[in-house]
Amino acid sequence: AKPYKLHGPLLSYLANPATGKLTTPINPKTGLDDNTPSEKVPAFMTFVGQFVDHDLTQNLISLFDPQNGPDIENGASALIDLDSVYSRSNALTNGDEEDIMDANMKFRLRPVLDKDCKVIGYDHERNEKGVAYIRDMRNDENQMISQVHLFVERIHNRMMDEAIAALKKEKNCDDPLRKDELFKIYNKVRVEVIRNWQSFLWHDYLPTVVNSKSWAWVRTRLEDNARHFELDQKPHGGQLNMPHEFAISFRMGHTQLRDRYRVQTGGPEIPLFAPQDPTHLSDLTGGKALAPEHVIDWKYFAIKSKDRPFSNAIDTVVTNKVFDLPESTIPDNDKLVENLPKRNLVRSSQVDLSHGEFVYDNLKGMPELGKKLTIKEVEPDAEKQKLFRLDNDGNYDECNIFRTPLWYYVLREAEITQGGNHLGPLGGRIVAGVIGAAIYFSENSFKTSGCAEKLWKSSITKSEKVLFEDLVDYVLGK
């Protein structure tokens, strides 16, 4: 790899909150972001992506500490195994086991009531500071990802109820089950939840956010068992590595964020963040109890319909909210660096990541998936092109090669080649390759469990294919 050092002039051009290339214009009539919505990606998929990222990655490094060498400790398994729900490290867990799980090995959830005392949803049990009893506190940093996490826990709880009831019926006894019986059920349910979640990502999430050609290319090679074809995703201590290229490219979700969300039919539009409000009661910041009006109605928010909310496009503008992040949403100790685009670009430079053009030239399958972006496609302004020709010492020469930060390249590629509706050839190749491999090579993979004559079938759909709509119906008792 060729480390690409980012310098101030280009960083300012891209990430200055007032004048930068990534800044979204404000609509003078509404005072809100004048952003372009996606025509294909529903809004909830943005937070599914954040949840997936937390399942795959955990490195609590300082933003401004240079990271020398390819190995940065990853506290996650780099597999789609829901360890952020079931088995995260103590560093991120809040509460003891009995705070998180009840005697029947179900997640402790608190009903949320409307004004008529009707249960309209569930929240985590929380401590006196409002922090959820949860195995990965990053999944409580905003109330959208918190509800994705809750959604998975509700799948688990319903499956536990059904399995416990089935065993009691088989025994013809309504006495409480022994601990060993519960533990056996728990292990089976955990695997079934993981496989249903993997199937949803494989059949629904990846086809939604990745262009079809890149996903088909990756899927074919995985199913042909071309093991570990990915970037540098080779076995390391019995696990897959997590490529830096993925950790940066997958932050395309930051450009999908809206400045506010309506989560219920006829409900209010709720600000994503209100950084100047010290209480944060009116916004979707996490670390606090879930208000009734913030409870996601999954039938409205996620099921295919013409009026459900869509994410913003995957392009080179982001909501102005993320230039001023609340401290509670920042995962490291650099709390005063609240500019999210700047954080992404600096992190890329600090881990010695290569530029987008180099990654394209050295990644398998790229020419057949799509052409590399031209200089004019990345930056039409000839004068601004000079900013992309700074060398690693920050010097400009017209003979220097044109280099684009990988994160910005991925966003621009999606904008140019896919109209902002999907990741383009390079971004799609990286994201689909890593998530696909993280599913396929998981110990409990829905794709490789059993034998060819007896493939896994979901207990929910009775087939290998699971869509989010199927999970919603199951959670809601349909």
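Gln198, Leu201, Trp202, Tyr205 and Leu206 in helix H6 meet Val431, Ala432, Ile435, Gly436, Ile439 and Tyr440 in helix H16, where meeting is a matter of contact, that is, heavy atoms within 4.5 Å. The model behind this is predicted, so to speak of a local feature takes a pLDDT of at least 70 and to count a side-chain atom pair takes pLDDT 80 or more, while totals for chains, interfaces and linings use all residues. Residues are numbered from 1 along each chain as its sequence is written, and side-chain values use heavy atoms, with hydrogens and water left out. Helices (H or I, at least four residues) and strands (E, at least two) are DSSP runs, numbered from the N terminus.

As for geometry, H6 and H16 pack at an angle of about 160°, and their axes are 10 Å apart. Axes here are lines fitted to C-alpha atoms, for helices over the stretch in contact, and angles run from 0 to 180 degrees between N-to-C directions. H6 and H16 are therefore roughly antiparallel to each other; the scheme calls angles under 35 degrees roughly parallel, over 145 roughly antiparallel, 65 to 115 roughly perpendicular and the rest oblique. The crossing of this pair, H6 and H16, is left-handed. A crossing gets that label if the near helix is turned anticlockwise from the far one by less than a right angle, and is right-handed if clockwise.

H16 has another partner in helix H7. H7 and H16 pack at about 30°, with 8 Å between their axes, and their crossing is right-handed. On the H7 side the residues involved are Ser214, Trp215, Trp217, Val218, Leu222 and Glu223, and they meet Pro425, Gly428, Arg429, Ala432, Gly433, Gly436, Ala437 and Tyr440 in H16.

H7 itself (residues 212–223) has 12 residues and reaches 16 Å from its first C-alpha to its last, close to the 16 Å expected at 1.5 Å a residue; the expected span is 1.5 Å times one less than the number of residues. Which residues of H7 are buried? They are Ser214, Trp215, Trp217, Val218 and Leu222. These cover an arc of only 160° around the axis, which puts them on the same side of H7. The arc is that of the directions from the helix axis to the C-beta atoms, and buried means under 20% relative accessible area, against over 50% for exposed and in between for partly exposed (1.4 Å probe, protein chains only). An α-helix has 3.6 residues a turn, so residues three or four places apart point the same way. The buried residues of H7 pack against H6 (179–209), helix H13 (366–369) and H16 (425–440).

In helix H2 (residues 44–56), 13 of 13 residues are buried. The 13 residues of H2 should span 18 Å at 1.5 Å a residue, and the end C-alpha atoms are 19 Å apart, which agrees. In helix H11, 10 of 11 residues are buried, among them Leu340, Arg343, Asn344, Arg347 and Gln350. What covers the buried residues of H11 includes helix H1 (8–15), helix H8 (244–249), helix H9 (253–256) and helix H15 (406–418).

Asn142 sits in the loop between strand E3 (119–124) and helix H5 (143–171) and is buried, at 4% relative accessible area. Beyond its neighbours within four places in sequence, Asn142 is in contact with Phe47, Gln50, Phe273, Leu284, Thr285 and Gly286. Of these, Phe47 is 95 residues from Asn142 in sequence, with the two C-alpha atoms 9.5 Å apart. Arg260, in strand E6 (residues 260–261), touches Leu32, Glu269, Ile270, Pro271 and Leu272, not counting residues up to four places away in sequence.

Then there is the backbone. Most residues other than glycine have a negative phi. Leu82, not a glycine, has a positive phi of about 55°; Leu82 is in the loop between H2 and helix H3 (83–86) and is buried, with a relative accessible area of 0%. Asp352 also has a positive phi, near 60°, in the loop between H11 (340–350) and helix H12 (356–361). At 23% relative accessibility, Asp352 counts as partly exposed.

Across the protein, the secondary structure comes to 17 helices and 10 strands. Of the 478 residues, 57% are buried. Among contacts between residues at least 6 apart in sequence, 71% join residues at least 24 apart.
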